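Please read it with the sequence and the structure at hand.

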Amino acid sequence: MIRAGRQHLVRTLADLAAQQGVGIDHYTRLKPYAAEGFPEPINSEGSRTRLYDGEQVDAYLLGKPIPPLPETDDDGDLLDRRECAALIGVAPDSWKTYKNDPVLTAARIEAGGVEHWPRRAVKAFQENRPGNDAPKSGRPKSTGDQVPRDQVAALVAEMLDADPTISAATVTERLGVHRNTGQDALTRLRADRIADRIEAHPALTPAEAAAQLGYPAGQVRRATARAETVLRARRAAPYLTDVATALHRAGWTTTEAVPDVQFPGDDRVVAALVLDGDRAPAPAVVWDERYGWRTGASRRHPITKGAALPSEGGGVRYLPGGITPPPGDVVAALTP
């Protein structure tokens with residue numbers, strides 16, 4: 001963690017390389033930071049990006065005693081995702097969902113290229129986190145969900161961490177949400193984790209990955225199908241980002257946003273990008289892994305319900321070039 005008041009002292013490996021007057025590639029080949037006595041990284045073990053306290057590094061390089069870091073926890077300490085997860089007692093993967101809570105989004109700080117959150121914000125989130133006192137008998141008839149929709153995924157992730165065999169019925173009972181809400185959250189989380197496991201171990205099938213994660217075979221048919229779709233979406237993401245960048249450069253989007261990817265029916269990838277530039281040739285563009293690119297007739301609803309394939313006309317036009325034409329060809333096909 002970054003102790004309170006020491007954010008300005010944070011240094012990355014690139015900072016240390018520059019301090020020594022060498023390139024980062026040369027520095028990481030020599031690995032001087034692995035030498036005995038070199039200060040330990042200040043971020044959590046297993047982090048991809050190493051962060052160091054500059055005061056400690058300077059003392060080491062000058063041959064002086066390395067000053068100790070404060071040992072007492074402070075509400076101003078900055079915690080990385082593993083430390084945040086440990087503080088509230090959940091698995092690190094669950095933090096990916098929790099961090100989207102408005103309280104944590106507003107408090108997020110980037111230090112050394114790594115996301116951190118003040119200890120006080122994490123404690124405040126934990127104290128006010130819904131679901132701890134959720135009703136035990138499901139959602140009462142004719143009432144809304146007892147937990148806000150945008151917080152259901154994080155709460156279900158915590159349950160899944162504790163019990164991989166948890167059912168949608170149990171989620172419904174504990175959170176007081178509609179069964180469809182609980183089932184959808186559970187399916188999405190399991191699918192994402194199955195996809196993560198396959199990316200780490202490509203030889204696995206979705207069923208094998210699900211078994212390794214402890215998911216009962218009878219509960220994951222939708223999740224394994226969706227995991228395959230998630231993997232295809234991840235493989236398509238760089239291409240979709242390149243197209244979005246090309247459309248932005250053409251002046252047809254006001255910000256360089258990435259397409260909104262959806263998985264209708266859990267078994268296909270469809271992405272949409274709203275064209276909000278002054279001279280945009282269409283309200284939106286839609287990419288379907290089955291058919292390629294087309295224009296969308298509506299900015300609000302560019303993807304038709306259920307991702308049904310619309311007919312040409314009324315603002316819908318299919319672009320040539322197959323499923324993945326080069327970004328420049330997409331721009332050319334849209335140019336009036």
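In sorting lining residues by class, Ala, Val, Leu, Ile, Met, Phe, Trp, Tyr, Cys and Pro count as nonpolar, Asp, Glu, Lys and Arg count as charged, and the others, Gly among them, count as polar. By these classes, the largest pocket of this predicted model has a lining of six nonpolar, four polar and eleven charged residues.

**Pockets**

- The largest pocket has a volume of about 640 Å³, and of the 21 residues that line it, Thr-97, Ala-153, Arg-188, Leu-189 and Asp-192 are the closest to its centre.
- At least two residues of this lining come from each of helix H5 (95-98), helix H8 (149-162), helix H10 (179-200) and helix H12 (221-249), with H10 giving the most, eight residues.
- The second largest pocket has a volume of about 440 Å³, and among its 15 lining residues the closest to the centre are Arg-48, Arg-81, Arg-82, Lys-96 and Val-114.
- Helix H4 (81-88), H5 and strand E5 (114-118) are the elements that give two or more residues to the lining of the second largest pocket, and E5 has the largest share, three residues.
- By class, the lining of the second largest pocket divides into three nonpolar, five polar and seven charged residues.

**Aromatic contacts**

- With ring centres within 6.5 Å as the criterion for a pair, the count comes to nine aromatic pairs.
- The rings of Tyr-27 and Tyr-33 have centres 5.8 Å apart and planes at 40°, so this pair is tilted; both Tyr-27 and Tyr-33 are buried.
- Trp-95, Tyr-98, Trp-117 and Phe-125 are linked by ring pairs into a cluster.
- Arg-190 lies over the face of Tyr-215, at 4.9 Å from the ring centre.

- Ala-168, Val-171, Thr-172 and Leu-175 are buried in helix H9 (residues 168-175), and because the buried residues of H9 fall within an arc of 100° when seen down its axis, they line one face of the helix.
- Gly-176, which follows H9, has a positive phi, near 70°.
- Asp-329 has its place in helix H13 (residues 327-334) and, at 45% relative accessibility, counts as partly exposed.
- Although 86 residues separate Asp-329 and Val-243 in sequence, their C-alpha atoms are 9.5 Å apart in space.

Notes:
Residues numbered from 1 in each chain as written. Predicted model: local features only at pLDDT ≥ 70, side-chain atom pairs only at ≥ 80, totals over all residues. Heavy atoms only, no water. Helix = DSSP H or I, 4+ residues; strand = E, 2+ residues; numbered from the N terminus. Buried < 20%, exposed > 50% of the residue type's maximum accessible area, 1.4 Å probe, protein only. Phe/Tyr/Trp six-rings, centres within 6.5 Å; stacked < 30°, edge-to-face > 60°. Lys NZ or Arg CZ within 6 Å of the ring centre and 35° of its normal. Arc of directions from axis to C-beta. 1 Å grid on protein atoms, 1.4 Å probe; cavity = no way out; pocket = protein on both sides within 12 Å on 5 of 7 lines; lining within 4 Å. Points joined across faces, edges and corners; volume = space filled by probe spheres on them.
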